[in-house]
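Work through the exercises below with the sequence and the model side by side. Each task is followed by a solution in steps.

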There are 2 protein chains.
Amino acid sequence: MKKASTYPISPRGPADHEVRDQIVAAATEHFSRYGYEKTTVSDLAKVIGFSKAYIYKFFESKQAIGEMICANCLREIESEVSAAVAEADQPPDKLRRMFKASTEASLRLFSQDRKLYEIATSAAKERWQAVLAYEERTRKLLRDVLLEGRQSGDFERKTPLDETTMAIYLVMRPYLNPLILQYSFDYTEAAPALLSSLVLRSLSP
Amino acid sequence: MKKASTYPISPRGPADHEVRDQIVAAATEHFSRYGYEKTTVSDLAKVIGFSKAYIYKFFESKQAIGEMICANCLREIESEVSAAVAEADQPPDKLRRMFKASTEASLRLFSQDRKLYEIATSAAKERWQAVLAYEERTRKLLRDVLLEGRQSGDFERKTPLDETTMAIYLVMRPYLNPLILQYSFDYTEAAPALLSSLVLRSLSP
């Protein structure tokens with residue numbers, strides 16, 4: 001590990017993205033142990049063995065590091081959800097799996113890594129860019145499944161697609177958003193199945 | 001206002017329920033000004049001019065006073081919602097109004113009285129008896145509307161009534177529960193109409 005005074009910049013030094021990855025990895029580890037809120041950039045600098053100024057060359061603030069970690073977590077959730085959706089053949093089943101996988105992935109993030117969940121909570125509260133983009137992509141995935149179901153004749157086509165997408169997104173949102181999920185633990189077991197069935201009844205042609 | 005040392009107990013003193021009402025009224029006023037969390041029973045005693053011991057004769061804790069205030073607020077929301085439902089003739093319209101009136105009443109409680117909302121937040125977080133009873137009565141009202149719609153032929157009857165009730169309750173819950181509502185302000189305008197329509201599509205026979 002480098003000393004705080006060493007600036008590892010040289011023609012053969014690590015590439016920028018490697019340094020960024022190194023900072024993010026160390027910050028993930030540190031945040032997950034001591035919490036995001038309580039950690040300062042100075043703390044991180046000490047742990048990584050970089051100077052604070054060197055970290056600021058790569059990330060303009062603690063939040064920028066948090067955003068990167070958050071984006072990584074959300075990408076993980078997304079790829080789980082996409083994989084679950086891709087496994088199913090029929091649009092109704094895709095919708096069920098999307099709901100179930102999203103809830104389970106969000107729950108796992110919460111229970112496995114309480115301290116990292118704190119980042120997700122700050123992210124959701126302060127509407128970080130990574131969260132807005134994640135929500136947008138979730139609506140996009142949902143829209144694609146709905147469109148497929150309309151084309152296959154599984155879903156009704158009278159309601160405007162954007163309205164259906166937004167309404168179903170609102171039904172799913174309490175189980176996707178970490179801020180809300182923490183108040184829904186009593187229901188996370190039953191909700192995905194109950195709500196998917198309701199949504200599918202609403203989609204019947 | 002009575003001095004802290006005066007015990008207003010006499011054969012012709014106020015009835016118990018009058019004293020309770022007086023404590024609740026003073027506490028409501030005080031909490032809404034200084035917040036529920038920050039106020040102690042000693043503070044209340046000072047303001048009302050009762051001794052702390054005298055207050056404890058009527059309420060075993062600050063939470064017991066808070067529960068009473070909370071129950072009053074919830075009763076107000078409930079009577080607004082019931083009135084809105086009663087105004088409509090047809091079950092589908094009753095359902096729409098129930099959703100809209102619940103969201104509006106919860107929002108009004110939030111925006112008019114931020115400090116009292118704090119009580120509702122504690123209540124929802126700690127699952128106070130008054131909240132559990134309110135949730136139960138909300139599900140009952142919903143069930144009655146659904147039953148009426150099944151009898152009138154407006155709603156489908158294949159899905160077990162308890163399942164339908166619970167699923168629709170889960171759709172409405174983020175807009176009824178003050179803890180969750182505070183994270184849904186972006187959607188409170190559009191959500192009641194969008195979600196009522198989705199729910200009604202799911203109920204079509």
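The structure is a predicted model.

**Exercise 1. The relation between the chains**

Task: Find which rotation and which shift superpose chain B on chain A.

Solution. 
Step 1. Two copies of a chain are related by a rotation about an axis and a shift along it.
Step 2. Here the rotation is 180° and the shift along the axis is 0.0 Å, with an RMSD of 0.0 Å.
Step 3. This is the relation of a two-fold axis.
Step 4. The C-alpha of chain B nearest the axis belongs to B:S202, at 1.7 Å.
Step 5. Both copies use the same surface, since 100% of the contact residues of chain B recur in chain A.

**Exercise 2. Helix α10 of chain B**

Task: Describe the span of helix α10 of chain B, state how many of its residues are buried, and list what these buried residues pack against.

Solution. 
Step 1. The helix covers residues 191-203, which is 13 residues.
Step 2. From the first C-alpha to the last it reaches 18 Å, close to the 18 Å expected at 1.5 Å a residue.
Step 3. Buried means under 20% relative accessible area. By that cut-off, 12 of the 13 residues of α10(B) are buried, and the helix is mostly covered.
Step 4. Among the buried residues are B:L194, B:L195, B:L198 and B:V199. B:S202, whose C-alpha is the one of chain B nearest the axis, is also buried.
Step 5. In chain A, the buried residues of α10(B) pack against α8 (161-176) and α10 (191-203). In chain B, they pack against α5 (91-112), α7 (129-152) and α8 (161-176).

**Exercise 3. Salt bridges within helices**

Solution. 
Step 1. Side chains of opposite charge can pair when their charged atoms come close. The cut-off for a salt bridge is a nitrogen to oxygen distance within 4 Å.
Step 2. B:E29 is partly exposed, because its relative accessibility is 46%.
Step 3. B:R97 has 32% relative accessibility and so counts as partly exposed; B:D93, with 29%, is partly exposed.
Step 4. B:E136 is partly exposed at 46%, whereas B:R139 is buried at 18%.
Step 5. In chain A, A:E87, A:D93 and A:R97 form a network of salt bridges. Over all chains the count is 28 salt bridges.

**Exercise 4. The largest pocket**

Task: Give the volume of the largest pocket and state which helix gives the most to its lining.

Solution. 
Step 1. The volume is about 220 Å³.
Step 2. The lining includes B:I69, B:C73, B:E76, B:R108, B:L109 and B:D113.
Step 3. Two helices of chain B, α4 (62-87) and α5, each supply at least two lining residues.
Step 4. α4(B) gives the most, with 6 residues.

Definitions and conventions
Residues numbered from 1 in each chain as written. Chains lettered and ligands numbered in written order. Predicted model: local features only at pLDDT ≥ 70, side-chain atom pairs only at ≥ 80, totals over all residues. Heavy atoms only, no water. Helix = DSSP H or I, 4+ residues; strand = E, 2+ residues; numbered from the N terminus. Expected span 1.5 Å × (residues − 1). Buried < 20%, exposed > 50% of the residue type's maximum accessible area, 1.4 Å probe, protein only. Contact = heavy atoms within 4.5 Å. Salt bridge = Lys/Arg side-chain N within 4 Å of Asp/Glu carboxyl O. Least-squares fit on C-alpha atoms with pLDDT ≥ 70 in both. 1 Å grid on protein atoms, 1.4 Å probe; cavity = no way out; pocket = protein on both sides within 12 Å on 5 of 7 lines; lining within 4 Å. Points joined across faces, edges and corners; volume = space filled by probe spheres on them.
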